[in-house]
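Work through the exercises below with the sequence and model open. Each task is followed by a solution in steps.

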Amino acid sequence: MGGACSRKRDQQDDDDNLQRGFSGRYCKSGSSKWLATSFSRSLIDVKQGLGKCPSLMELCIYKVCDEIHKYSTFSMLPRDISQLIFDELVYRQVLDDVILEAFRDCALEDLNLGEYPGLGDNWMDIIASQGSSLLSVDFSGSDITDSGLSRLKDCKNLQALNFNYCDRISDNGLEHISGLLNLTNLSFRRNNTITAQGMSALSGLVNLVKLDLERCPKIHGGLVHLKGLTKLESLNVNCCNCITDADMKPLQGLVNLKGLQISSSKVTDYGATFLRALRKLELLNMEGCPVTAACLESLSALSALLYLNLSRCNLTDDGCDKFSNLQKLKVLNLGFNEISDAILVHLRGLLNLESLNLDSCRIRDVGMVNLAGLHRLKCLELSDTEVGDVGLRYLSGLRNLESLNLSFTAVTDVGLKKLAGLSCLKSLNLDNRQITDAGLAALTSLTALTHLDLFGARITDSGTNYLKCFKNLRSLEICGGGLTDAGVKNIKDLKTLTLLNLSQNHHLTDKSLEAVSGLTQLVSLNVSNCRITSAGLQHLKSLKNLKSLSLESCKVTANDIKKLQASDLPNLVNFRPE
Amino acid sequence: MESDSGKLKMKKEDMVKLISAEGFEFVIDKKAAMVSQTIRNMLTSPGSFAETEHGEVTFPEISTTILEKICQYFYWSLQYASFYIEVILVHIYIGHCSAHSGKETEFHIEPELTLELMMAANYLHT
């Protein structure tokens with residue numbers, strides 16, 4: 001049975017939280033969740049291939065789920081089996097309070113019911129009946145209330161509890177879980193009511209390893225109750241704008257912390273001084289905090305630091321020399337600060353750097369020489385900087401570069417020649433008006449490219465000939481207005497494309513849709529602001545994987561697309577005009 | 001069907017005997033039986049099981065009906081993996097011998113057997 005039996009209790013890892021913006025995993029809108037689910041199933045199906053034989057256990061589980069209403073209880077089954085049935089029902093999105101009744105006293109271990117439609121306090125009776133077997137529960141985004149939560153009191157072995165986005169759980173609810181001493185993971189993101197007082201219930205949860213309080217706006221003063229939780233390795237209070245310097249003080253004893261996320265809080269340089277003692281800290285996210293480079297005085301004591309996010313802070317060049325102490329750093333994000341290329345000299349010794357983000361900083365060519373020795377760099381973000389052709393010269397030796405963003409820089413076709421040897425490059429952003437066909441011609445050796453963004457570049461039909469070299473391309477954007485149907489013909493053999501954006505090329509007609517009709521892997525297609533008509537839609541019938549279609553400002557109505565969706569494109573979920 | 005089975009070279013070492021709770025015996029290809037991870041372990045782990053030597057495994061907890069269904073699954077699973085097989089299901093008790101070429105694509109499970117079959121599948125790692 002293998003894979004069918006393995007269950008993941010730890011659903012999110014730290015990396016989730018590092019992405020800027022909203023992950024979407026726990027968003028309240030049901031529809032987009034099911035979109036994500038259906039997407040992952042189709043991926044699984046593809047991965048397993050047709051040759052994979054279902055196990056007898058899988059066949060039995062499917063059979064039981066097909067006829068679920070015939071069963072009134074599964075309590076006589078071994079718990080592994082009832083767990084598998086339960087998981088399949090969750091996966092099929094068919095679980096309701098009637099079906100749930102069959103799982104009373106089944107000794108289930110994991111109930112991953114995040115954002116489950118219909119989940120409320122009336123389910124808690126069955127959930128609690130799993131008793132001491134229950135190890136993890138996720139009821140994010142549900143209508144569970146404090147009294148519902150109180151039902152978990154006797155599930156003493158609970159290790160992981162997740163109630164993100166549960167608006168009805170308050171301080172009183174937390175009181176009910178204060179006796180769950182085996183909890184290692186606790187998460188209640190975006191709770192608008194929990195206060196410092198409620199947080200006192202956490203003070204006895206001495207086994208907590210991971211605590212996630214992202215977007216809880218009223219927890220100021222509550223972190224003091226975490227003082228004794230010395231096993232804590234990960235604390236996330238991102239986007240809790242109530243968190244201040246005073247909240248940092250109680251953290252200084254949490255010497256086992258490996259990950260601390262305090263982005264968009266009010267923590268200043270003074271607050272950072274309390275973090276000095278966290279010698280095991282590997283990850284620190286202070287994005288959007290009002291700190292200056294003076295905080296580096298404290299942070300340079302964090303010798304284990306691998307990941308540091310200081311984007312959108314108040315850094316200036318002054319004080320940035322302390323970066324040179326962070327020798328282990330692999331990922332450094334300094335985007336959107338008032339810093340210049342003068343600080344790059346302090347980064348030249350950070351030989352472990354794999355990712356550097358300088359988005360929208362005042363980076364000019366002259367300081368770029370200091371990056372030339374960072375041979376482990378895989379990802380370099382220079383968008384909205386003043387880097388030009390001279391600066392690119394220093395990148396030509398960075399053979400491990402996989403992702404390079406040069407959008408809105410001063411780079412021209414001439415400079416792109418310097419990139420020709422970067423054979424690992426997978427993602428290249430050249431959204432920039434100075435780039436033309438000649439620049440593209442210089443890049444034909446970059447055959448590993450999977451993502452190419454030429455959004456604003458002035459690419460014409462003749463330039464599209466060079467695209468044939470990029471046989472692994474999965475996403476392509478050319479929206480500079482210079483393409484005609486003839487150019488789109490050159491794209492038709494890029495069979496691996498999943499995303500294609502050809503909008504703003506006003507001359508494109510239905511013939512272009514015909515040309516892309518063979519790109520059957522396409523998941524997203526945008527041909528807005530072109531001369532597409534409803535008659536051209538017939539060419540899209542073959543694009544069975546299409547989930548998103550944008551034909552804004554064309555001679556196509558929402559009804560035309562709806563018809564196509566109904567007849568041929570069952571996977572289409574987003575379309576414009578709508 | 002008798003003539004078919006006569007043609008087949010039934011080498012003893014290629015076959016294995018599975019015995020149900022009621023004492024019914026199913027003689028099937030070793031290759032088929034090894035679809036079950038549990039049986040595979042029994043037949044291949046050196047010395048530790050008497051089953052290895054005699055090519056015989058008794059399942060005191062699995063009824064005849066269920067064991068028969070499981071044997072059918074073993075062969076279904078083989079043909080699913082595009083093996084060319086000749087299936088012999090020798091049901092010793094009634095002396096019946098059937099052969100089928102296994103072209104069906106869906107494995108049928110009788111609703112009344114599902115739960116019991118599931119427990120056996122769990123035990124047999126199948």
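Buried means under 20% relative accessible area, exposed over 50%, and partly exposed in between (1.4 Å probe, protein chains only). This is a predicted model, in which local features need pLDDT of at least 70 and side-chain atom pairs count only at pLDDT 80 or more, while totals for chains, interfaces and linings use all residues. Residues are numbered from 1 along each chain as its sequence is written, chains are lettered from A and ligands numbered from 1 in the order in which they are written, and side-chain values use heavy atoms, with hydrogens and water left out.

**Exercise 1. Describe the salt bridge of A:Lys258 and classify both partners by accessibility.**

Step 1. A salt bridge is a side-chain nitrogen of Lys or Arg within 4 Å of a carboxyl oxygen of Asp or Glu. A:Lys258 pairs with A:Glu233, with the closest N and O atoms 3.7 Å apart.

Step 2. The two residues lie 25 residues apart: A:Lys258 in the loop between helix 10 (245–248) and strand 7 (259–261) of chain A, A:Glu233 in the loop between strand 5 (210–212) and strand 6 (234–236) of chain A. Helices (H or I, at least four residues) and strands (E, at least two) are DSSP runs, numbered from the N terminus.

Step 3. A:Glu233 has 29% relative accessibility, so it is partly exposed. A:Lys258 has a relative accessible area of 35%, so it is also partly exposed.

**Exercise 2. Characterise the contact between chain B and chain A.**

Step 1. Counting contact as heavy atoms within 4.5 Å, chain B gives 17 residues and chain A gives 23 residues.

Step 2. There are 0 salt bridges between chain B and chain A.

Step 3. Helix 5 (64–80) and helix 6 (114–124) of chain B are the elements that each give two or more residues to the side of chain B that touches chain A. Helix 6 of chain B gives the most, with 7 residues.

**Exercise 3. Why is helix 3 of chain A largely enclosed?**

Step 1. Of the 11 residues of helix 3 (residues 56–66) of chain A, 9 are buried, so the rest of the structure largely encloses this helix. Among them are A:Leu56, A:Glu58 and A:Lys63.

Step 2. The buried residues of helix 3 of chain A pack against helix 4 (79–92) of chain A and against helix 5 and helix 6 of chain B.
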